[in-house]
Every structure is written in C-alpha cells, then in structure tokens.
Amino acid sequence: MKVLTALRNADAVRHVAREIAEVKLDRTVRLMEVCGGHTAAIYRFALRDLLPEWVELVSGPGCPVCVTANDFVDRSVALARQPNVTIATFGDLIRVPGSSRSLAEVRAEGGDVRVFYSSADALDWAIQHPERIVVFLGIGFETTACTLAATLKSAVQDNARNFRLLSSLKTMPPALSALFSAPDVKVDGLILPGHVTTVIGTACYEFIPSEFNIPCVVSGFEPLDLMETILKLCQQLAEARASVENQYRRVVHAEGNPQAQVLMDEMFEPADVPWRGFGVIPGSGLAIRREFADWDAERIPVEVEPTREHAGCRCGEVLRGALHPTECPLFGKSCTPDTPRGACMVSAEGACAAVYHFSPVEHG
Amino acid sequence: MADRVVTLNHGAGGETMRRFITKLFVEKFANPALNTLADAALIEIEKSRLAFTTDSYIVKPIEFPGGDIGKLAVCGTVNDLAVMGARPLHLSVGFIIEEGFDLSMLERIVHSMSEATRAANVEIVTGDTKVVPRGECDGLFINTSGVGACPLGKGLSSAPIGEGDAILVSGTIGEHGMAILTAREGLKFQTRIESDCAALGGLIESVLNECDGVKWMRDATRGGLAAVLSELVESQPFGALIEEQAVPVRDDVRTVCELLGFDPMHLANEGKVVMVVRGDQRQRALEVLHANDLGRQAVLIGRITGDGKGIVRVRTEVGGIRRLQRPAGELLPRIC
Ligand code: SF4
C-alpha cells in the first residue's frame, strides 16, 4: 500500500495540477480517457476539480461491459435459459439489459447464472460439475483475453469437454482507428489504457500520432499517474508535437508481454465483431480458433431473439465521446444504476454510471 | 429492469431495496411507528416507551471468520435497538432449519448465540423452530425480534440536526462485508479478514449517558457507510461532507477493495455505529467511545453542511469533491 499512498499524495497531485495550469495553451483541449478504469478513477478521485477549466476530459470506448453489443447479451440470455447450461460470468455483465431481459432477470426466473472472479475459477467449477455445460462469457480487451487464452488452453489440455467460452473479446487498436475516423469525434489527446498496453506494448499505437496527429500517453490508474499523463499531453499540445509517450513505465514495457501475445495467438484469431456504438469493426475481435471449436459456445444451437436497441438510449454517442452522459434525455430519469436502460449505466467503469454516482450535484 | 419477479437486487440494501420496501410494505402496513423506517419502532405501552425490532438472518457461509449466523442474529437485533437509544432487553428467536443440517454445527451456533446474549446483557425469552424438507431453505435461517426500554429523560437528543454537527464512526469499516466475501468466494489473501460482528449496546449506552447532544445513530450494516449517510440526509434541509482521508479502513480491507473495485464505504459492518453529535460535544463523544474496546478507533469523519441539501459529498484523498451514493444492487467485482 506504500506505493498507493505515494501515488495519492495530495501535495504531489496538487503540484502537478499547478504545472498543468502553467502550460501555455490558450484554448480548450479535449482529452479522452479510453479505458473504463481511467474513467472510474477520474470520477472516484474527483480529479476534474483539480484541473484548469480549459482541460476537458471525455470518456471513450474502453469499458468492456459498455461496448458489449446487445446481441451478445441476448445470446447469453438464450443460453442461460437452457436447462443444462450454467452461465459463468464476471460481475457487471449480469445487469446489462439485453433486448428483452438481463442475465440477472433470467437468474431470478430460475436460470443458472454464476458470478466468478476469474475464468480459472469457472473452469475449476466446470470440472467439478461435469453434468453441466458451463459457458464462460468472455468479454474484455487484451488484458482479459490473455487470461482467457490461458484458461481455454487448460480446458483443452484437461479435455474439460463441458467448458465453453462465448467470446466477445476485443482488441483496442482497431477501435481507436474506427473512433478517429468517425465524423462526430473531436479529441485533442488520448489517455491510453495501462493494463491493455502491458500486454500489447506501445508500438501498436504509433498510427494515432502519425495518421491523426493526436498525442498519446499510456497512463497508470492512480491520481498522480493520471495527472502526470494529462500534463504530458498538454505539453505535447503546447509544443505542437504528437507522439506516443509512456507514463506507466513502472508496469508497461514498450514491447508488451510477448508470452501473452503468443498465447493469445495460439488460441484466438481476429474476427469482425460488433461494438456497441460503433457497429461491426473489422478485425477487432478475438474468436476461438477453429481447432478448438469444441470449446466454442458460439456453436451451441440456441434460438436468439431478434436484437433491438432500447428506445432513446444514447450509449453509442457516449462511448464515442460525442455526448456527455447528462445530455442523454434518459439520464437519471428512466435510466439509473438500478433501472439501467443502457450498458453505460451498469458497469462500474461506465461513463453514465460514473457521472451518476460521483457527480456532486443533484440530477435527474 | 422489468419488475416481473423479485431479484437479488430487491434485497441488496441499495436503492432498489429501499424503493421496494417503501412501495410495497410501508404503503400497505402504513402507521406512524413503521413509516419512519428506523432500525426499531418506538412504541408506547401503558406509559412506558419501548423499542421493538425484527430482522431475519441469512448468511453464506453460515460460519465465517469472526462469527456465525447466530452471533450475527443476536448482535444485529441488539444494535438495532441500541441505535434508537433503547436498552436492549429481551429477544425472541425463530429457527428455520433445512432437513439434513449438521447437528453439531447447530450446537455451535446455539452456543455462540448464548455467549453473544451474555456479552450483550440480553435474554432470549421465547422462540420457535421449524424444520423444512431438504431443498426448501438454504441450510439455516434465523429470525430475531427484540424489545428494549427507552429510559425517560435520557437517550437521543431531540434537537434537530443542522449545520456544524459532527459525524462520527466508531471504528474501521468494511470488515464484515469483506470477511463474508472472501470466505464465500474462497478468495485467498495473505491475511484473514475477520468480521467485526459485535453488540454495541454497552458502547452506545455509555455515550448517551455521558454526553448530551447525540442526535442520530445507525449501525452501518448492508449498504455500508454509504447507505447510512444517504439515509441521514435524504429529503432533509441539510447535506453531509465526508473527509475520505479520515474514514478508517484496515489496510487488508483496502487492498482487497482495490483489487475487486469496491468502495469500502459500500461494504457491510456488523459492529460499527455512525453518530451525529452536536459540534461542541464531538470531543467528549470521542473520549467516551475511545474508552470502550469497541470504540477504540472511533473518529470524526465529517460534518453536516447547510449546502448540498439531501446529498452526501466526499472530499477525496487528493482534494476533489464527489458524491457518495448507495450501492446499486449487489456488489459485483469489476472485470479487469
Ligand atoms: S443515460 Fe442510460 S440510456 Fe442514456 S446513454 Fe447512458 S446508459 Fe444509455
């Protein structure tokens, strides 16, 4: 906890805040935090209060629960209603409303939906319950993908035939490329995800400064990390530079984690997958390789209801940073963390949930 | 979420549960004692004032580090009476036991209940036992009700809560929630986190005896400090400002919270009381709390404010201001 205490030291944070204020930029700059973990930390520590007015922070598409499209939830719901299937999942996903219901509702109706802290725990559970087909819901980015690759590999090695993975795993760089190609996205600088970069390394972001002229800094998750990152971005902007810098050097190495990359390659292959708010992004998903098809839950035949979006939900624009959560007409009215209409209000890393929970003014 | 069936959210201590209770039960059963939704009802019976409360206990695992369902049932009911300014006296207990339940475990639980009643200076004076067929309840459920006497002339101050009042908590928060979570999920960490499960009758009585100006108390159970503080300010002409740095959290609890993405202020406690005390009495109240083992780590965590009406704000460790809300439904770990 010593490191944490140092990275939350109020004096140190205030010192960096002063340095930011002194950067000579006579315009408003919009910095986007891509990662949901950053969104949560920014609100959790109320970092905006420490920044000068001309720094605007917007949230991007980096909350894995939020970018999961409705049809994935619908397929999970259909599977959960099969009598012999156990759905194994990480926490937040069970409350995301699908086209007609959430996994939490299916559970209340008798479906077997269980929350696990890791995919390895779910595999252990599957091995102990051979009479059930255990479907693990694989959502997340590279960080989660490499642990899921390891679990899938052990399932194959142990010949655990009742364990299946339903993959909606995603990779970050293609999404960023799609993001900056969208006409309604206006961003001056990018706060890049720390954990994801631990796996994939920094080189794969080089196209962002070179093609889009946008400064990038890989950031840690503590207040001091984020403030230093914002300072670095402002400095790049002031000097009219754009490059990829690494603030999170205590954890992230330029080349990433080659072993994890090999493992992911071994188990998964690129696929075109839908993102909430973006539609299908070519090559942005990780599907289970054909040779492991026996472990692919996609192949379990179920009837999935036709997917529909919730009327009025503006999650898509929120995820592109084009709309502030409070600008959504449903925000705080029919959409609250207890009655979510969209995924962004569910996840602890979702922008709507963060604003709802942490904004120090009354809303709704 | 559609309201066709009851979900776990309806019992999780958050906003859904609050609405569920007020919309269903309070509307149907409405009466002045119930409508306040306090931890115990204050009722007059032939000129004496009694506090009366009931609660059902369901916990998995049934035995956990620092306690078991029996100790929890006694302490929980005692605490609900004590925070209303009453001296807990008599309890009733109802057991609903699933066929096949291990008898030696039941003996251990009954033993720990008897120890808890002795420590809390209360008696179990009536009870009931039902055994249900296998599969019809999950092991063992316990319901306890309790009555306590409200001493005349003492107890909670009737002065209204207002700007400048101090908010105190009697010790470190989150241990019970974290003990249950780590025991249930089999999460292995270096230290074993024990529940803070304890009866607070004596501690609370000493504070009420030795300082006037204690205006409000709650034990911070499900929903944690966040739920209690939200209840304190809800629809009131005042707000609360909490200094995050002052909120006491044990290092091991904090570490697991960081890992799983939980706010310690959302975790349940079973041996901590939150008090609102007139500003000039806060030092005295702390001294009295510190003199008791259960209040050794009591601290001032914030104050009542005239602005930010109806909401709880937190000054974060680094100096920003954010809002503190009740947790939404079950606590679920984040994904990465
Ligand atoms: S407030 Fe609700 S409906 Fe609106 S964008 Fe956010 S999650 Fe979607």
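**Backbone features, a buried glutamate and the A–B interface**

B:Pro61 is located in the loop that connects β2 (48–57) and β3 (63–64) of chain B, where helices (H or I, at least four residues) and strands (E, at least two) are DSSP runs numbered from the N terminus. The peptide bond between B:Lys60 and B:Pro61 is cis, with omega at about -5 degrees. The model is predicted, so that local features need pLDDT of at least 70 and side-chain atom pairs count only at pLDDT 80 or more, whereas totals for chains, interfaces and linings use all residues. Residues are numbered from 1 along each chain as its sequence is written, chains are lettered from A and ligands numbered from 1 in the order in which they are written, and side-chain values use heavy atoms, with hydrogens and water left out.

Positive phi values occur at two further loop positions of chain B. B:Leu37, in the loop between α2 (32–35) and β1 (41–45) of chain B, is a residue other than glycine with phi near 55 degrees. Its relative accessibility of 35% makes B:Leu37 partly exposed; the classes are buried under 20% relative accessible area, exposed over 50% and partly exposed in between (1.4 Å probe, protein chains only). For B:Ser235, also not a glycine, phi is near 55 degrees. B:Ser235 belongs to the loop between α7 (224–233) and β10 (239–243) of chain B and counts as exposed, at 72% relative accessibility.

With residues up to four places away in sequence set aside, B:Glu270 is in contact (heavy atoms within 4.5 Å) with B:Leu72, B:Gly76, B:Asn79, B:His176, B:Asp196, B:Cys197, B:Ala198 and B:Thr221.

In chain A, nine of the 11 residues of helix α4 (residues 70–80) are buried. Among them are A:Phe72, A:Val73, A:Asp74 and A:Leu79. The buried residues of α4(A) pack against β3 (85–89), α5, β4 (112–115), β5 and β6 (163–170) of chain A. A:Gly332, in the loop between α13 (315–319) and α14 of chain A, is buried as well, because its relative accessible area is 16%.

The contact between the chains involves 48 residues of chain A and 41 residues of chain B. About 3,800 Å² is buried between chain A and chain B, 55% of it from carbon and sulfur atoms; buried area is the accessible area (1.4 Å probe) that two parts lose on being put together, summed over both. Three salt bridges are counted between chain A and chain B. A salt bridge joins the side chains of A:Arg8 and B:Glu317 (3.7 Å, N to O). On the side of chain A that touches chain B, the elements giving two or more residues are α2 (10–22), α3 (36–44), α5 (103–108), β5 (133–140) and α14 (351–358) of chain A. The largest share, four residues, is that of α5(A).

Key:
A salt bridge is a side-chain nitrogen of Lys or Arg within 4 Å of a carboxyl oxygen of Asp or Glu.
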